[in-house]
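Subject: Structure handover

Hello,

Please find the structure below, with notes on what was found in it after that.

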Amino acid sequence: MPEITNTEDSLLDIHDLRLNLRDRSKKPLFGFTPNVEILKGINLNVKRGESVGIVGESGSGKTSLGRTIMRLYKPTGGEIRFKGNEITHLSQSELRPMRAEMQMIFQDPMSALNPRHRIYVILTQPLWAFGKVDSRKESERIARILLERVGLPTAFVNRYPHELSGGERQRINIARAVAVRPELLVADEIVSGLDVSAKSRILDLLQSLKDDLGLALIFISHDLAVVNHICDKVLVMHNGEVVETANSYDLFHAPRADYTKSLLSAIPLPVVEHGWLHDSQSIQNAGDLSKKEGNETSMDSQFNISGCVALVTGANRGIGREFVNALIHRGAKKVYACVRSTDGVADLVTNSSGTVEAIELDVTDHKRIAEVAQQCGDVTLLINNAGINRLNAFVASDDISAARAEMETNYFGTMAMCRAFAGVLGQNGGGAIANILSILARVNLPMMGSLCASKAAGLSLTQGVRAETAKQGTLVLAVMPGAVDTDMSRDFPPPKMPPSEVAEQTLDALESGLEELYPGDMADGVSKGLDADPKAVEKDFAQYLP
Amino acid sequence: MNSILNIDDLHLEVRRDHIANPVLSGVDLSIKIGEIHGLVGNSGAGKSMLAKAILGILPAATRISSGVINFDGKDITRLDSKQRRHLASRHIAMIPQDPMTSLNPVRRVGKQVCDVLQLHMGMDRGKAQQETQRLLDNVQIREPKTVMRMYPFELSGGMRQRVLIAIAFSCKPELIIADEPTTALDVTVQRQILQLIKQLQMNSATALLFISHDLGVVAKICDRVSIMQSGRIVECQTAESLFDEPQHAYTQSLLETTSKYYRFDRGTNTHSETPAEHQDHA
């Protein structure tokens, strides 16, 4: 919050400004019209020559604030000081001399110009009002100077507003506002109807006027990018309150308030970014907004565990079982628990009161996978968890079938699942895939050498699937845990992390849109080690020989 | 891939005081089945005129002087007005720019959707009402029954745009023309509307011509993009290559002007903070 500073260079001081307006839509047939709080205690300080941006979505009160500063509305409480003088309660006639020092430019350039007057009349109206011109000749001369100043041909003096384009009309508005040499200019959404080039030229004009005339500027806009371009300081408003005040650079590089972050992430940057439409971050943070919109059913269930339809393979034990529990806990709409024999999840089904459905599925049976994909057409989250470990070394073993079996489940099984469900996810708005691999995908542990090879294949597969499904907006996550306390790693020495932790962290990662996750200290440590010195890690792991 | 719309060397002129001024001078454009095709250009480039030519709703003084508009294999510039009307109602739909003025202010919202269904789909009133409810539900209006009984002024801008989107998709058209559908909305609502359009488009595999002057929006939603400058298409590319390597000088200058405003990152720490919070809960 800006503190009140009554220093020399302070132009406008607003303290705890409140505004209530009558809510006519709620007026009963008889009796009083109820009030609605528009501004709830705003503090603002504008120095001479400073430009301050006010941003917020429709209905946040930014326009009302601008108009209250201009005293077009009478404040309900608080105080407005302009050049040290209290103007909060001045009457219209007392305000009149001050009008020359504070001017406003409105959003719709056409409705702000009298359609029946020629441009020179419009431009010099404020000067007539303050008695600064008294002849037509003089006013035409001044109008020409003003037109030149805002980069319009002087031939426009005798035109009518309807003969001008939107950008040109906005220039006329700006010229009229600066005609009386104000010290403060309030610009309310002045570029929102204009295309990029016109917008850019208007902003450049405003900037140069500001520099030449030493104007202070209050720039109201919902377009944060524009505000960033022109303002020194920015106020973010939400529901009649200031949620964040910061200088522009800080606000755009290190926003503090969640609401500011959600506003920033909603700006469509001019780069192709497939996940942008599905990123749930802003939707979650802008909770109030979706209430106003009457729409809380988020469409991006793929990042939002709550409300998603998940399918988990290998759901009978270990991490898979924990996934089912965590998904229910986080409000998944439905969970298909896939297992080779449905007996293994009977208790999960009965305890879940209908959320969990058991599906018989062996991921090595590709025909069955296709059937399941048909049957479960509403899936938005696919968790490929099924995997086997035969504790098989390369050279020390002479049986190739164990290595084949691992490949069949861990690699081909996962591949077949991704293939079968990519279309389903696409149809349901993108969705997400989480492939539960292992840190061993990145380094070989000779004690289970062929398992590592199958996991490495799984990691490569995950990258490929990510690339191929990016277009449909599918989030693809590779999860590479270290030793987890399950049957699969019973021969592996501790420390092991509990399987529930892997499930929880995976779901967190999905919700924040990560593509790779190393849950647990061991995986995290190994991955950092690999980034620093892969050879050293390989040598370490080579110690573990069967 | 097959195209739903093929425009070949289209010339359009407007007559004013017996002088013909060219509006479009040789536009070539093809829209593939199921794609979102962006059409970008400054005000006055002829974007909306092109849309009107496709819909057959050109202003009186404007006429097509030469060229072909092929829709689904037929040249639609040669159809009479009755056939044209049938086409523009059932097979081509539009999402207009201004949600404030595009709905009838004195008719309930539900009625306005029903009208379309009764007129073009030949539904009876009961069936049309049921379908309206389903359509409003599809565009994520939470209490469709209540909203159906409301007047447009009772709805926010975003809600009105949702209703218009429901109307556009109501007759299951093959092509939808969205003329700056989010320009009147603020950024957060804009994002929701874009998400909605994308989702409905993907579910129905409708082709969409997305007209905009905002390259940012186009980057997010379009598969291919055509850039228009004073009545000509100067460049047509996939979104990826257009934003990576714009070929035409005009595209480059447009991108440069746009990028000028986006010199900030949007707080990259947002992602790293979220998991930490969740861990505390766990």
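This is a predicted model: local features need pLDDT of at least 70, side-chain atom pairs count only at pLDDT 80 or more; totals for chains, interfaces and linings use all residues.

Residues are numbered from 1 along each chain as its sequence is written, chains are lettered from A and ligands numbered from 1 in the order in which they are written, and side-chain values use heavy atoms, with hydrogens and water left out.

Rings of Phe, Tyr and Trp (its six-membered ring) pair if their centres lie within 6.5 Å; planes under 30 degrees apart are stacked, over 60 edge-to-face, and the rest tilted. Over all chains, that gives 2 aromatic pairs. Tyr411(A) and Phe412(A) form a tilted pair, because their planes are at 55°, with ring centres 5.0 Å apart. Tyr151(B) and Phe153(B) are stacked, with planes at 10° and centres 6.4 Å apart.

For accessibility, buried means under 20% relative accessible area, exposed over 50%, and partly exposed in between (1.4 Å probe, protein chains only). Phe412(A) is partly exposed at 33%. Tyr151(B) is also partly exposed, at 25%, whereas Phe153(B) is exposed at 64%.

Arg191(B) sits over the face of Trp276(A), 4.8 Å from the ring centre; the rule asks for NZ of Lys or CZ of Arg within 6 Å of the ring centre and within 35 degrees of the ring normal.

His238(A) is buried, with a relative accessible area of 12%.

Regards
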